[in-house]
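Hi,

Here is the structure I promised to pass on. Have a look, and my notes come after it.

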Amino acid sequence: MVAAPIFGYLGDRFNRKVILSCGIFFWSIVTLSSSFISKEYYWLFVLSRGLVGIGESSYSAISPTIIGDLFTNNSRTMMLSVFYLAIPLGSGLGYILGSCAKEAAGDWHWALRVSPVLGITAGALILLFVPEPKRGSADQMGGRIRTRTSWFCDMKALAKNRSYVFSSLATTAVSFATGAFGMWIPLYLSRAQEVQKTVEPCTKDICSSRDSMIFGGITCITGLLGVLIGAVTTRLCRQKTERADPLVCAVSMLGSAIFICLIFVVAKKSIVGAYVCIFIGETLLFLNWAITADILMFVVIPTRRATAVALQGFISHLLGDAGSPYLIGLISDSLQQSYTMSALWRFLSLGYALMLCPFIIVLGGMFFLATALFFLDDREKAEKQLNQLAQTSSSVRV
C-alpha cells in the first residue's frame, strides 16, 4: 500500500517494464529467502512477508498502464479482463500448488520455494519479450507526448477529476467488503452450522479449514466469472450508451448488495442457500474489476495513469480492506459482550456486524452512478488535454 504511490511516480517517468521486472525479481527473491528463516527469527519472517508487497505494488500500478498503451476501446477492455483474471486464478492455483508442494516435500517451507521460480521466469519473459510502448500510443499520440507535469500537478489534476474520484471511492467499497468477507465469512458459516447442530463447537487450537477452503474456491470461481461477464456485458452495453462502463458497475454493485443481504437471512437455516447467495453476490461484486481500470484509462491522460492506478490502490486499501476486518470484529465483540456464552448470539452478533458490508456496497453503487454523470465530460477533457500536450511537444521540438 505504501510503496504503490512510489511505483506510480516512477511508472509515469521511466522505463516501465524494467521497473516491473525488478519488482517481480525482488518479490521472488524475498519469498524464496523467507523460506529459509528459522523460527527463532519469526520477526524477520513477518518482515519478509511484508516486503512481498513491494513487488505486488510494482506490477499492480504499472501493468495496467502498459496494457492501456497497447490496446484501446473494446480490445483494451478484453485485455484488462485477461489481466485481472490473474487475481482469482492465481489465488486458486496458489492454494493448490502450495498444498501439493508441502505434501510432496513433507515441509510447508517448500510452498514458498515453488512460486519464486515461476516469478523469476515471468520477470525474465517480461524483460525480454514484452514491448515498452510509447505513452499514449494506443491513443494515436505515441512518440508525440514529451511534456511531463510535476507530481504535484498530477495529484491536483486527479483530485479535480470527478470520474476518477468517484470510481476510486467505489473501488474502496469493493475492497472493504472483500477484505471483511475473506476474514469473517468462513467463521460466520462455521457458527451457523453450530447453531444448526450439524457440527460441534471447535475447542482445539487448530480448527477445521473446510469452510475457508470452500469459500476460497467460490471466490476464485466467482472472480473468473465476474471479470468475464463484466467484459462481455460492457461490450454489449456500449452499443446502447456511452456511459456503459460506470452504469454496468453500478447495477452489478446494487445487485450484489441484495444477495449479500440474503446470506444473513438464509444462513441460520441453510448453509447451501448461504453458499448460493455468496456465489451470486461475489460474482456481481467482481464484475467491475477490469471495468474500473478501463474507466481510469478513459478519463486520465497516459502520462499520469500509473500515478492514478497507484493512488487508487492506496486509497482502496487504506480505507477498505486494511481496516474492514478489524472494524467488523470490533462491532461483533461489542454486540456479544452480554451473551458471550450463547452460540446463537455469537452467530447473530457477527452477522449483524457483517451487515455493514452490503450498506457499504450500496454506497459504492451510488459512487458508480455519480461516475456515470461525469464520465463523458471527463473523457472529453482528457482527450483535449492529450491533444494539447502533443501540440505543446511539437512546438517545443520546432
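Below is what turned up on the aromatic rings and on one surface patch.

First, the ground rules: this is a predicted model, where local features need pLDDT of at least 70, side-chain atom pairs count only at pLDDT 80 or more, and totals for chains, interfaces and linings use all residues. Residues are numbered from 1 along each chain as its sequence is written, and side-chain values use heavy atoms, with hydrogens and water left out.

Rings of Phe, Tyr and Trp (its six-membered ring) pair if their centres lie within 6.5 Å; planes under 30 degrees apart are stacked, over 60 edge-to-face, the rest tilted. That gives 11 aromatic pairs. One of them is Tyr42 with Phe45, stacked at 6.4 Å centre to centre and 25 degrees between the planes. Tyr42 is exposed at 58% relative accessible area, while Phe45 is buried at 18% (buried is under 20%, exposed over 50%, partly exposed in between; 1.4 Å probe, protein chains only). Phe83 and Tyr84 pair edge-to-face, at 5.0 Å and 80 degrees. Tyr42 and Phe45 also form one aromatic cluster with Trp108.

Finally, Val18, Leu125, Leu127, Leu128 and Phe129 make a nonpolar surface patch of about 500 Å².

Cheers

Terms used. Patch = residues over 30% accessible without salt bridge, like charges linked within 9 Å, V, L, I, M, F, W, Y side chains within 5 Å. Areas by Shrake-Rupley, 256 points an atom, 1.4 Å probe, with all protein chains shown as cover. Salt bridge = Lys/Arg side-chain N within 4 Å of Asp/Glu carboxyl O.
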